Amino acid sequence: MNEALPAAFPDVSAELNEYVSWQDGMDTGAFLTFEDVFRPHVQKAIMDNDEAFLSRSSDFIEKLLVSGDEYAVNVVTVGILEGLSELRS
(Lines give C-alpha, C1' and ligand atoms only; values in the text may rest on other atoms or scores of the structure.)
Protein backbone atom coordinates (compact mmCIF):
# COMPACT_ATOMS: atom_id res chain seq x y z
CA MET A 1 0.00 0.00 0.00
CA ASN A 2 2.87 2.38 0.65
CA GLU A 3 3.61 2.53 -3.07
CA ALA A 4 0.15 4.02 -3.63
CA LEU A 5 1.05 7.19 -1.70
CA PRO A 6 3.79 8.60 -3.95
CA ALA A 7 1.86 7.50 -7.02
CA ALA A 8 -1.17 9.54 -5.93
CA PHE A 9 0.73 12.28 -4.07
CA PRO A 10 4.13 12.95 -5.62
CA ASP A 11 4.47 15.92 -3.25
CA VAL A 12 4.86 13.52 -0.27
CA SER A 13 7.35 11.19 -2.00
CA ALA A 14 10.49 12.65 -0.47
CA GLU A 15 9.00 12.62 3.03
CA LEU A 16 7.75 9.06 2.59
CA ASN A 17 11.12 7.84 1.30
CA GLU A 18 12.93 9.45 4.21
CA TYR A 19 10.44 7.98 6.68
CA VAL A 20 10.73 4.41 5.41
CA SER A 21 14.49 4.60 4.80
CA TRP A 22 15.32 3.97 8.46
CA GLN A 23 12.72 1.22 8.80
CA ASP A 24 11.84 -1.59 6.39
CA GLY A 25 11.75 0.47 3.21
CA MET A 26 8.45 0.26 1.37
CA ASP A 27 7.68 -2.85 3.46
CA THR A 28 7.22 -0.58 6.50
CA GLY A 29 3.71 -1.09 7.85
CA ALA A 30 1.15 0.99 6.00
CA PHE A 31 -0.58 1.82 9.29
CA LEU A 32 2.57 3.70 10.32
CA THR A 33 3.23 5.44 7.03
CA PHE A 34 -0.35 6.52 6.50
CA GLU A 35 -0.61 7.78 10.09
CA ASP A 36 2.79 9.45 10.32
CA VAL A 37 3.28 10.68 6.74
CA PHE A 38 -0.05 11.06 4.97
CA ARG A 39 -2.47 12.03 7.75
CA PRO A 40 -0.53 15.17 8.78
CA HIS A 41 -0.85 16.42 5.19
CA VAL A 42 -4.59 15.83 5.30
CA GLN A 43 -4.82 17.60 8.67
CA LYS A 44 -2.87 20.57 7.32
CA ALA A 45 -5.12 20.73 4.27
CA ILE A 46 -8.18 20.78 6.54
CA MET A 47 -6.70 23.55 8.68
CA ASP A 48 -5.61 25.55 5.61
CA ASN A 49 -8.84 24.83 3.71
CA ASP A 50 -6.74 23.49 0.82
CA GLU A 51 -9.61 22.31 -1.35
CA ALA A 52 -7.38 20.90 -4.08
CA PHE A 53 -5.46 18.61 -1.71
CA LEU A 54 -8.64 17.69 0.16
CA SER A 55 -10.34 16.71 -3.08
CA ARG A 56 -7.40 14.54 -4.14
CA SER A 57 -7.09 12.95 -0.71
CA SER A 58 -10.80 12.25 -0.35
CA ASP A 59 -10.82 10.59 -3.79
CA PHE A 60 -7.79 8.52 -2.76
CA ILE A 61 -9.33 7.54 0.59
CA GLU A 62 -12.66 6.66 -1.03
CA LYS A 63 -10.90 4.48 -3.60
CA LEU A 64 -9.19 2.55 -0.81
CA LEU A 65 -12.41 2.21 1.20
CA VAL A 66 -14.39 0.77 -1.71
CA SER A 67 -11.54 -1.44 -2.93
CA GLY A 68 -12.82 -4.47 -1.05
CA ASP A 69 -9.32 -4.89 0.40
CA GLU A 70 -9.82 -5.40 4.15
CA TYR A 71 -6.26 -4.34 4.94
CA ALA A 72 -6.67 -1.09 2.98
CA VAL A 73 -9.95 -0.34 4.75
CA ASN A 74 -8.31 -0.93 8.14
CA VAL A 75 -5.32 1.26 7.26
CA VAL A 76 -7.61 4.10 6.20
CA THR A 77 -9.83 3.72 9.25
CA VAL A 78 -7.03 3.46 11.82
CA GLY A 79 -4.20 5.30 10.09
CA ILE A 80 -6.18 8.26 8.80
CA LEU A 81 -9.80 8.62 9.87
CA GLU A 82 -9.49 7.87 13.57
CA GLY A 83 -6.79 10.50 13.91
CA LEU A 84 -8.78 13.03 11.94
CA SER A 85 -11.75 12.55 14.24
CA GLU A 86 -9.61 14.10 16.97
CA LEU A 87 -9.76 17.42 15.10
CA ARG A 88 -13.38 17.81 16.19
CA SER A 89 -12.31 18.11 19.82
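Trainee: Which residues of helix 2 are buried?

Mentor: Keeping in mind that this is a predicted model, the buried residues of helix 2, which runs over residues 13-21, are Ser13, Leu16, Tyr19 and Val20. They share one side of helix 2, because the arc they cover around the axis is only 130°.

Trainee: And what is on the other side of helix 2?

Mentor: There you find Ala14, Glu18 and Ser21, which are exposed.

Trainee: What covers the buried residues of helix 2, then?

Mentor: The cover includes helix 1, residues 4-8, and helix 3, residues 30-48.

Trainee: Is serine 13 buried or exposed?

Mentor: Serine 13 has a relative accessible area of 19% and is buried, with the cut-off for that term being under 20%. In space, serine 13 is 9.7 Å from valine 37, C-alpha to C-alpha, while 24 residues separate the two in sequence.

Trainee: Where is the confidence lowest, and where is it highest?

Mentor: Confidence in the chain is lowest in helix 2, with a mean of 88, and highest in helix 4, with 96. For the chain, the mean pLDDT is 89, and 94% of the residues reach 70 or more.

Trainee: What about phenylalanine 31 and tyrosine 71?

Mentor: Phenylalanine 31 and tyrosine 71 form an edge-to-face pair, with 5.5 Å from centre to centre and 90° between the planes. Since phenylalanine 31 is in helix 3 and tyrosine 71 in helix 5, residues 70-85, the pair ties together parts 40 residues apart in sequence. Phenylalanine 31 is partly exposed, with a relative accessible area of 30%, and tyrosine 71 is partly exposed with 37%.

Trainee: Which residues form the aromatic cluster?

Mentor: One aromatic cluster is formed by Phe9, Phe34, Phe38, Phe53 and Phe60. Phenylalanine 38 touches Leu5, Phe9, Thr33, Phe53, Ser57, Phe60, Ile61 and Ile80, leaving out residues up to four places away in sequence.

Trainee: How many residues are in the largest nonpolar core, and which have the most contacts inside it?

Mentor: The largest nonpolar core has 21 residues, and those with the most contacts inside it are Leu5, Phe9, Phe34, Phe38, Phe60 and Ile80. Helix 2, helix 3, helix 4 and helix 5 each contribute at least two residues to this core, and the largest share, six residues, comes from helix 3. As general background, nonpolar side chains in soluble globular proteins tend to be buried together.

Trainee: Okay, charges now: how many salt bridges does the count come to?

Mentor: The count comes to three salt bridges. In one of them, the side chains of aspartate 11 and arginine 56 meet at 3.2 Å, N to O. Aspartate 11 lies in the loop between helix 1 and helix 2 and arginine 56 in helix 4, so this pair ties together parts 45 residues apart in sequence. Arginine 56 is partly exposed, its relative accessible area being 35%.

Trainee: And where do glutamate 35 and arginine 39 lie?

Mentor: Both lie in helix 3, four residues apart, which is about one turn of the helix. The closest N and O atoms of the salt bridge between glutamate 35 and arginine 39 are 3.9 Å apart, a value to read beside the cut-off of within 4 Å. Glutamate 35 is partly exposed, with a relative accessible area of 30%, whereas arginine 39 counts as buried at 13%.

Trainee: What about lysine 44 and aspartate 48?

Mentor: Their side chains meet in a salt bridge at 2.4 Å, N to O, and both residues lie in helix 3, four residues apart. Lysine 44 is exposed, with a relative accessible area of 52%, while aspartate 48 is partly exposed, with 45%.

How values were computed:
Residues numbered from 1 in each chain as written. Predicted model: local features only at pLDDT ≥ 70, side-chain atom pairs only at ≥ 80, totals over all residues. Heavy atoms only, no water. Buried < 20%, exposed > 50% of the residue type's maximum accessible area, 1.4 Å probe, protein only. Arc of directions from axis to C-beta. Contact = heavy atoms within 4.5 Å. Phe/Tyr/Trp six-rings, centres within 6.5 Å; stacked < 30°, edge-to-face > 60°. pLDDT = per-residue confidence, 0-100. Core = buried A, V, L, I, M, F, W, Y, C linked by side-chain atoms within 4.5 Å.
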